[in-house]
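Colleague: I would like to learn how to read a protein model feature by feature. Could you walk me through this one?

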Amino acid sequence: MINWFLILQRINILILLIAIFLSSCTEKKEVIHAPKVPVKEIKKPELKIAYKNAHIKSRRILGELKEKFGDKGMRQVLALNRMDTRHIVIGDSICIPDTLPDDWFYFSPFPEKVTALDSIQKILIFSYRVQAFAAYENGKLIRWGPTSLGKRSTPTPLGLYFTNWKAKETISTVNDEWILPWAFNIDNFNGISIHQFELPGYPASHSCARLLQQDAEWIYYWAEQWILSKDGSRAKASGTPVIIYGKYNFHSPPPWKLLPENSDADKIDTLELNSIVKDYLPEIIERKNQRDSLLNSMRKDSTDKRE
């Protein structure tokens, strides 16, 4: 009688031995991974913009400019000239770019990076010379726009400030008929504020920093207010630092009118700005540490009360 169980067992053993033999004879292939290529930052290509100064002789020329750039583009052209739409009149001369890139930062006079500000979470910088402001977060430029600082007879005092209190609408201390929307006070004793108001294309304020509506509203929500004691009698912590620096030449054409001859006429040098900032850094950092310490203490007190 044939023992089928024994035969099947031997066949299985034979198959196993053949498999082991074939496995040992097969050359092992090395797995080769593709080399890791570092990802390079994609930078915007350099864009050469040509400028010309155009004399607005008639409303027809204004119409042609609006047709070329559109309403939004026309507002940008005027912002480049530190003006709002209410102040472009027949007889003016404005600087006009040959093209308007999608990125408004192409026109920024401020450097994209200020290394001296790497440790500063938020700061506003106003340049008297180019009549423009910049907002930086940890040294990176995140917003810029036109301004109108103090006129020759009532200049905006230069130096370091901090944002104090804010109001969606307040009344000027100079003239109670002047309504100031989106105001952020930076000097409570002298009544100096950042706020929306007319931009005529030159320094014209009574020491405040005038802005376009969209910029003033943005700063209103972006900057920090001071922190007062419970009775409101003293400031326990400062708000966002604000630096106002430079000098405006009232006897020469403004820098943006010189762009046709020199495309860097309104640019602010990185070394210059780093130098300006470093003079104020010790106080900025000291105030920042005071605010951080106070906020941490307030959060701890709030947690202890809940527990």
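**Reading the model**

Modeller: Let's start with P157, which counts as partly exposed at 39% relative accessibility. Buried means under 20% relative accessible area, exposed over 50%, and partly exposed in between, with a 1.4 Å probe and protein chains only. This is a predicted model, in which local features need pLDDT of at least 70 and side-chain atom pairs count only at pLDDT 80 or more, while totals for chains, interfaces and linings use all residues. Residues are numbered from 1 along each chain as its sequence is written, and side-chain values use heavy atoms, with hydrogens and water left out.

Colleague: Where is P157, and what is it in contact with beyond its neighbours within four places in sequence?

Modeller: A contact means heavy atoms within 4.5 Å. P157 sits in the loop between β5 and β6 (159–162), and leaving aside neighbours within four places in sequence, its contacts are I192, S207 and I244. P157 and I192 are 35 residues apart in sequence, with their C-alpha atoms 9.2 Å apart in space.

Colleague: How many helices and strands are there in the protein?

Modeller: Both are DSSP runs numbered from the N terminus: helices are H or I with at least four residues, strands are E with at least two. Here there are four helices and 13 strands. Of the 307 residues, 40% count as buried. Among contacts with a separation of 6 or more, 65% are between residues 24 or more positions apart.

Colleague: How do I read strand pairing, and which way do β3 and β4 run?

Modeller: Two strands pair if DSSP finds at least two bridges between them. Strand β3 (residues 123–127) is joined to β4 by five bridges, and the two run antiparallel. I123 stands opposite Y136 in β4. The two strands form a hairpin with four residues between them, and Q131 in the turn has a positive phi of about 50 degrees.

Colleague: What does β4 do on its other pairing, with β5?

Modeller: β4 and strand β5 (residues 140–148) are also antiparallel, over six bridges. A135 stands opposite R143 in β5. This hairpin has two residues between the strands, and N138 takes a positive phi near 50 degrees. Five of the six residues of β4 (residues 132–137) are buried, so the strand is largely enclosed by the rest of the structure.

Colleague: Which residues does V114 contact beyond four places in sequence?

Modeller: V114 lies in the loop between β2 (93–97) and β3. V114 is buried, with a relative accessible area of 0%. Setting aside neighbours within four places, its contacts are Y136, G139, L273, N274 and V277. The C-alpha atoms of V114 and K140 are 6.7 Å apart, although 26 residues separate the two along the chain.

Colleague: What about D266: is it buried or exposed?

Modeller: D266 is buried, at 1% relative accessible area, and lies in the loop between β13 (241–245) and α4 (270–306). Not counting residues up to four places away in sequence, D266 touches R82, F107, P109, R129, V130, P255, W256 and L259.

Colleague: What is the phi of R82?

Modeller: Phi of R82 is near 60 degrees, a positive value in a residue other than glycine. S207, a contact of P157, has a phi near 100 degrees, again positive in a residue other than glycine. S207 is in the loop between β9 (192–196) and β10 (209–211) and counts as buried at 12% relative accessibility.

Colleague: Last topic: pockets. Which residues lie nearest the centre of the second largest pocket?

Modeller: Rolling a probe the size of a water molecule over the atoms shows where empty space is left. On a 1 Å grid over the protein atoms alone, using a 1.4 Å probe, a pocket is an open set of points with protein on both sides within 12 Å along at least five of seven lines, and lining residues have an atom within 4 Å of a point. The second largest pocket is lined by 24 residues, with R75, L212, Q213, Q214 and D215 nearest its centre. The elements giving two or more residues to that lining are α2 (59–80), β5 and α3 (213–222). The largest share, five residues, comes from α2.
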